[in-house]
Amino acid sequence: MERLYLLSYEYLKSIPVVGGHFQSHDNYEIFYFHEGKGSYLIGDKIHFLAPGTLIVMHGMTLHMPKSFEGHPYIRTLLNFDPGYFRAVSEHVFAVNPLEPFERLGNYKVQLNEDERAEFEDMLYRMNRLYSADDPFSRERFRVACLEALFFICQVLMKPVREEVAFPSEKEQHVQNALTYIEKHYMTDICLDQLEEFLHINKYYLVRIFREVTGMTMFHYIYKRRINQAKILFLVEPGKSVTDICYLTGFKNLSHFIKVFKQWEGKTPDQYRRLLKSQL
C-alpha cells in the first residue's frame, strides 16, 4: 500500500524501551502515551510519561524514549512528512494545522479525561483506516490525520499548563547535567567541571545519569555531537568534514571519523555523499 508523505503509524505498540538508542529524522512526530510509566529525552529535556501524555516534535531533534522497569509501556506514534498537510492547509483551511510544530518545536502536554477520550477515539479510527487496503480508506486516513492535527492545535492554544514536577531530586540533577551539556557539548567537558557547576559528587552523577537515561554521560555527549554533525551536513553542505569535526566539539579528525562510523555505519564523507545524492 502506498503511504505517500506518511512514514509510519504505529497504534498501541507495547514494546519496552530500555534506553541508550537515540533517534533523529527529517519528519514531524506525534507521540501519545496510553498506559504505563516512562520518560522521553528530547534535546536536553527529560519528559516524564503518564497515561494521556501527548508530545509533538521536530524529528531532527535528538530524542530517546525509555520505559520504566516493572511497568507497561504502550504508545501510539505518527511519523509524517509535513509537506502534504502544508500544501492542503494553505489552500483549504484558515488555521495552519502544523502550527504547534512550527511555533513550539518540541512540546509536551498532559490531556485531561475528556481530551483523552476524544483523542484516543481518533487514534482508533485512524488505525482502522490505515489498516485497510483500498484508495478510499487511504484518503480517509489522511483526513483523519488532519482532524488529529487540528485537535492538537486546539489543545495547545490553551494557556500553558504547569509542568509536572520531577519524580525525585535524582531526575532533577540529571536534567541539570543535560542542560549544561547542551550548552557546552562543542567544547571539552570533564566530570570536574560538572561537579563544580552542579554542586554534586561526580561519581554519584555518573551513576544516576546512566540510571535515568540508560546510557553513560560520555556516550550521550558523543551521540549529541554526532547528531549535530548530521544536521550540519544537511543544512551546510559546503562545509568540509574537517569543519564539521571542530564545530561539533571533536578535537581530532580521525577520532571524529571513527566515532561517526561506529554509530552511523559509514564515514562522515560517505554520509555527506549519500545526502547529496538524495537532494
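Here are a few notes on one helix and some aromatic rings in this predicted model.

1. Ground rules first. This is a predicted model, where local features need pLDDT of at least 70, side-chain atom pairs count only at pLDDT 80 or more, and totals for chains, interfaces and linings use all residues. Residues are numbered from 1 along each chain as its sequence is written, and side-chain values use heavy atoms, with hydrogens and water left out.

2. Which way do its residues face? Several residues of H5 are buried, including His-173, Leu-178 and Tyr-180; buried means under 20% relative accessible area with a 1.4 Å probe, protein chains only. The buried residues of H5 pack against partners that include helix H6 (191-198) and helix H7 (202-213).

3. Now the rings: the whole structure holds 23 aromatic pairs. Rings of Phe, Tyr and Trp (its six-membered ring) pair if their centres lie within 6.5 Å; planes under 30 degrees apart are stacked, over 60 edge-to-face, and the rest tilted. Tyr-130 and Phe-141 make a tilted pair, 4.9 Å centre to centre with 50° between the planes. Tyr-130 belongs to helix H3 and Phe-141 to helix H4, 11 residues apart.

4. Phe-141 is buried, at 3% relative accessible area. Tyr-130 is buried too, at 15%.

Methods: Buried < 20%, exposed > 50% of the residue type's maximum accessible area, 1.4 Å probe, protein only. Helix = DSSP H or I, 4+ residues; strand = E, 2+ residues; numbered from the N terminus. Contact = heavy atoms within 4.5 Å.
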